Amino acid sequence: FYTCASAPTALAWTAGGKLLAGFADGSVKLIGIPSGAAGEEASLNGTPSITLASAAIDLLEAPSTYAGAGGGGATTFFVACEDYGVHVYDMPASGGGKAAAKESPLSFQASGKRPCTLTLSLDGGFLGIGGADGSLSVSPMDNLGNAATVPLHDSLPGGTAAVCLAPDLS
């Protein structure tokens, strides 16, 4: 196990079996699983990391079919942040530092509320964003700025906590 200076604010597994962990200071780390070899000491030193403009609320690895993926061993991911935006970042395969958004942030400003949760459709073709105002925005992966937004509820404090996009099998 690893010891962190603070509890993570967001966690997401990657297809490569690593853990994306966001922290209150705006850092995101890409944590590998220790091999378990005798004498190995688990350490976050040297772990690939970047620093975001604001803390992560939720993290989600971009699907391999996402045209904006950086390649070159980088892990491309979406992050819903405390700044009320959803952004796309590339985590370098090693090292780290201050990261810049990969593309213009997908702005999510539903009723001035922050995004709460991120999800992908099963085919990786759509990104779903649940908001603190109880709404759901769905964007096609090939045009993230073209979101359809529907209100789900307005009675629960905290907004939309979890979303699953499922196909219509009728």
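Predicted model: local features only at pLDDT ≥ 70, side-chain atom pairs only at ≥ 80, totals over all residues.
Residues are numbered from 1 along each chain as its sequence is written, and side-chain values use heavy atoms, with hydrogens and water left out.

The protein has zero helices and 13 strands (helices are DSSP runs of H or I with at least four residues, strands are runs of E with at least two, and both are numbered from the N terminus). Of its 170 residues, 42% are buried, with buried meaning under 20% relative accessible area, exposed over 50%, and partly exposed in between, for a 1.4 Å probe and protein chains only.

β11 (residues 126-131) and β12 (residues 135-140) pair in the antiparallel sense over five bridges; two strands count as paired if DSSP finds at least two bridges between them. Both belong to an open, antiparallel sheet of four strands in the order β10-β11-β12-β13. Since β10 (115-120) and β13 (148-151) stand at the edges with a single partner strand each, one side of each is left without a neighbour in the sheet. Neighbouring strands here are turned by 20 degrees against each other on average, direction ignored; the axes behind that value are lines fitted to C-alpha atoms (for helices, over the stretch in contact), and angles run from 0 to 180 degrees between N-to-C directions. As background, strands of a sheet pair through backbone hydrogen bonds, either parallel or antiparallel.

Next, have a look at β6 and β7. They form a hairpin with three residues between them, and they pair in the antiparallel sense over six bridges. Along the way, Ala80 stands opposite Val86 in β7. The loop between the two strands holds Tyr84, which has a positive phi of about 75 degrees although it is not a glycine. At 30% relative accessibility, Tyr84 counts as partly exposed. β7 itself has six of its seven residues buried, so it is largely enclosed by the rest of the structure.

What about the inside? The largest nonpolar core has 14 residues, and Leu20, Val28, Leu52, Leu59, Phe77 and Val79 touch the most other members. Such a core is a set of buried Ala, Val, Leu, Ile, Met, Phe, Trp, Tyr and Cys residues joined through side-chain atoms within 4.5 Å. β1 (10-13), β3 (27-31), β5 (56-61), β6 (75-81) and β7 (85-91) each supply at least two residues of this core, and the largest share, three residues, comes from β6. Apart from it lies another core of 13 residues, including Leu60, Phe78, Ile129 and Leu144.

Finally, the tail end. Pro167 lies in the segment after β13 and is partly exposed, with a relative accessible area of 46%. Pro167 and Leu122 are 45 residues apart in sequence and 7.7 Å apart in space, C-alpha to C-alpha.
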